[in-house]
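Subject: Handing over a structure, with notes

Dear colleague,

I am passing on the structure that you will find just below, together with some notes to read beside it. Please keep it open while you go through them.

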Amino acid sequence: MGGEIDFTTARVGQTLHIPCAKGRHIVDVPVKPGSNPDAIAKMMPHKGWTIGRKMACPEHRRKSERPQATGPQPMEETKPRPTPSDAAKKAHRMLMMALEDYYDDATKQYKDGYSDTRLAAEIGCSEQHVRETREQYFGPLAVPNDVAEFRGALDKLRAEAGQMTASITKSLQAMEQRLDRLCKRNGWAE
């Protein structure tokens, strides 16, 4: 470290001017007057410095070189998972059997008349539990073909209605322009 580090003396101590090779800047490090150079050199890695041929300040030190926390780390407090009651376990088993019976895994749809809501009511569990279990073990619901066809027909009808509205608006504007011309030609009030 000799030759690279400069210092200035202040009333309360000394300030070391240490060059950072990676950041190409000088970092001022205050130390007590009369500090042992070896003690300062040992302190610097604990403060995050990389010591060696090229010194690097904590800001420019590689992540892999950054000091890891030492000593025992506080453990995160984890709450034990509540043990499901016998009734909850039975309801879950019944739900899985109902999903096997009434959910078509190939089409990702319920058989006619069945839904998350109906299974929840029949089994006695929440609709959210049915939905989450179905999604976890069977996947999300697909849009039924008849619903997709119905939406397509509705979109087509909306487009036709938009075209008809545009046509009627155009006809109304033409009629209003004819009336305006007729009134102006004959001097009538509009």
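The notes below begin with the chain as a whole and then turn to single residues.

Please bear in mind that this is a predicted model, in which local features need pLDDT of at least 70 and side-chain atom pairs count only at pLDDT 80 or more, whereas totals for chains, interfaces and linings use all residues. Residues are numbered from 1 along each chain as its sequence is written, and side-chain values use heavy atoms, with hydrogens and water left out.

The whole chain

The chain has five helices and five strands, where helices (H or I, at least four residues) and strands (E, at least two) are DSSP runs numbered from the N terminus. Read from the N terminus, the elements follow the order β-β-β-α-α-β-β-α-α-α. Of its 190 residues, 18% count as buried; buried means under 20% relative accessible area, exposed over 50%, and partly exposed in between, with a 1.4 Å probe and protein chains only. If one takes the contacts (heavy atoms within 4.5 Å) between residues at least 6 apart in sequence, 40% of them join residues at least 24 apart.

Cysteines

With a disulfide taken as a pair of cysteine sulfur atoms within 2.5 Å, the count comes to zero. Cys20 is accordingly in no disulfide, and the nearest cysteine sulfur, which belongs to Cys57, is 3.6 Å away. Cys20 counts as buried, because its relative accessibility is 3%.

Helix 3 and Asp116

Helix 3 covers residues 116-123, and Asp116 is part of it. The buried residues in this helix are Asp116, Leu119, Ala120 and Ile123. Seen down the axis of helix 3, these buried residues fall within an arc of 100 degrees, so they line one face of the helix; the arc is that of the directions from the helix axis to the C-beta atoms. They pack against helix 2 (86-102), strand 5 (109-110) and helix 4 (127-137). After helix 3 comes Gly124, which has a positive phi, near 90 degrees.

Asp116 counts as buried because its relative accessible area is 9%. Its side chain makes a polar contact with the side chain of Arg134 at 2.8 Å; a polar contact is a pair of N or O atoms within 3.5 Å, where within protein one must be able to donate a hydrogen and the other to accept it, and residues adjacent in sequence count only if both atoms are side-chain atoms. Not counting residues up to four places away in sequence, Asp116 touches Tyr110, Glu127, Val130, Arg131 and Arg134.

The aromatic cluster

The structure holds three aromatic pairs, counted by the rule that rings of Phe, Tyr and Trp (its six-membered ring) pair if their centres lie within 6.5 Å, with planes under 30 degrees apart counted as stacked, over 60 as edge-to-face and the rest as tilted. One of them joins Tyr103 and Tyr110 edge-to-face, at 5.4 Å centre to centre and with 80 degrees between the planes. The rings of Tyr103 and Phe138 have their centres 5.6 Å apart and their planes at 65 degrees, so this pair is edge-to-face. Because Tyr103 lies in strand 4 (residues 103-104) and Phe138 in the loop between helix 4 and helix 5 (145-186), the pair ties together parts that are 35 residues apart in sequence. Tyr103 and Phe138 are both buried, and ring pairs link Tyr103, Tyr110 and Phe138 into a cluster.

Gln109 is found in strand 5 and counts as buried at 18% relative accessibility. Its side chain reaches the backbone oxygen of Val143 at 3.4 Å. Lys108, in the loop between strand 4 and strand 5, has a positive phi of about 60 degrees although it is not a glycine, and with a relative accessible area of 28% Lys108 is partly exposed.

Leu141 lies in the loop between helix 4 and helix 5 and is partly exposed, at 43% relative accessibility. Leu141 and Tyr110 are 31 residues apart in sequence but 8.1 Å apart in space, C-alpha to C-alpha. Leaving out residues up to four places away in sequence, Leu141 touches Tyr103, Lys108, Gln109, Tyr110 and Arg134.
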